[in-house]
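Here is a short tour for anyone who likes to read a fold from its contacts. Please keep the viewer open while you follow along.

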Amino acid sequence: MTRLPILASAFLLSLLFALPASAQDPLALDFTGKESLDIGTSTSEIAITSDFSGADLTIFGALANTDQLLLAIGQYDVVVTLEGPSDWTTVRRKERLFGIWVNRSSMTFEQMPISYSLASTRPVEQISAARELTSRNIGIDHLALTPTGYISTAANLAEFRDAFRRLKQSQGLYQRDTNGVRFVSSSLFKATLRLPANIPDGVHMVHAYLFKSGEFIAEKELPLRVIKTGLEEAITEAAHEQPLLYGLFAVLTALITGWLASLVFRKD
């Protein structure tokens, strides 16, 4: 952990010296090039152990070829997201039937990220138009929730979409911090994303978006691997690679546990 500040400082310095003269010296502006950004992360891999309770991911970035006047008055905005692996997701609605709550209807959405974290310089709705945000899947409320199958009414679709977002946020898998990106100098910025304890394993993607006066300018992305280690890794591999043996072992463990419990709590 003590190496992280040193690595972060080194990365920021490397970005600063890698910038063109126009970005380092406000008196020598060069507007021949289009604005761009570059990013780096505090780590490229997150290991999940038995005592994993979540972690913070820090993203460092630098802007190049910016208009210093527009930068000074806050016309540049940065949005950073972390998208987990995608999967088909089904949302079910329960209704009371003869005094029993049962699943009556459901809706499945195509390939949605299992987890999604966002940090931005300000609320994304204040950064750009809703159409632009939706076209680029930026923001929890602007993710493309595309359903499959028959849709009865638009109101029914909106209800299931709201339920999907509400469930993900209640589980801590969808998060947003509208002040999570801050500029540490005129051209360098830092963002922090919180990774929940139940973050899925697999390859996640870090995206950084640059906007100027509401207009999308540039985008960068980096992969982040989340892997299970130790006992969690062994259990996961057994469940996927040897499902029959894993199932038999689980049943046998349950039987032995139940038998031992009956011995301990039985009455003489």
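## A buried valine and its surroundings

Val78 counts as buried because its relative accessibility is 0%, and buried means under 20%. Bear in mind that this is a predicted model. Val78 is found in strand 4, which spans residues 76-83. Leaving out residues up to four places away in sequence, Val78 touches Leu63, Ala119, Ser120, Thr121, Val181, Phe183, Phe189, Tyr209 and Leu210.

## The nonpolar cores

Which residues have the most contacts inside the largest nonpolar core? They are Leu37, Ile59, Val80, Phe189 and Val206, in a core of 28 residues. Strands 1, 2, 3, 4, 10, 11 and 12 each supply at least two residues of this core. Apart from it lies another core, of 23 residues, and Met112, Leu133, Leu173 and Tyr209 are among them.

Setting aside its neighbours within four places in sequence, Leu37 is in contact with Ala62, Leu63, Phe189, Ala208, Leu210, Ala218, Glu219 and Lys220.

An open sheet is formed by 4 strands in the order 1-3-10-9, with antiparallel pairing. Strand 1 and strand 9 are the edge strands, each pairing on one side only. From one strand to the next, the twist averages 25 degrees. Strands of a sheet pair through backbone hydrogen bonds. Here, strand 3 and strand 10 run antiparallel and are joined by 8 bridges. Along this pair, Ala62 stands opposite Leu188 in strand 10.

| Strand 1 | residues 36-41 |

## The whole chain

Stepping back, the protein chain has 8 helices and 12 strands. Of its 268 residues, 35% are buried. Among contacts between residues at least 6 apart in sequence, 71% join residues at least 24 apart. The accessible surface comes to about 15600 Å², and 57% of it belongs to carbon and sulfur atoms.

Technical notes. Residues are numbered from 1 along each chain as its sequence is written. This is a predicted model: local features need pLDDT of at least 70, side-chain atom pairs count only at pLDDT 80 or more; totals for chains, interfaces and linings use all residues. Side-chain values use heavy atoms; hydrogens and water are left out. Two strands pair if DSSP finds at least two bridges between them. Axes are lines fitted to C-alpha atoms, for helices over the stretch in contact, and angles run from 0 to 180 degrees between N-to-C directions. A nonpolar core is a set of buried Ala, Val, Leu, Ile, Met, Phe, Trp, Tyr and Cys residues joined through side-chain atoms within 4.5 Å. Buried means under 20% relative accessible area, exposed over 50%, partly exposed in between (1.4 Å probe, protein chains only). Contact means heavy atoms within 4.5 Å. Accessible areas come from the Shrake-Rupley method with a 1.4 Å probe; for residues, only the protein chains shown count as cover.
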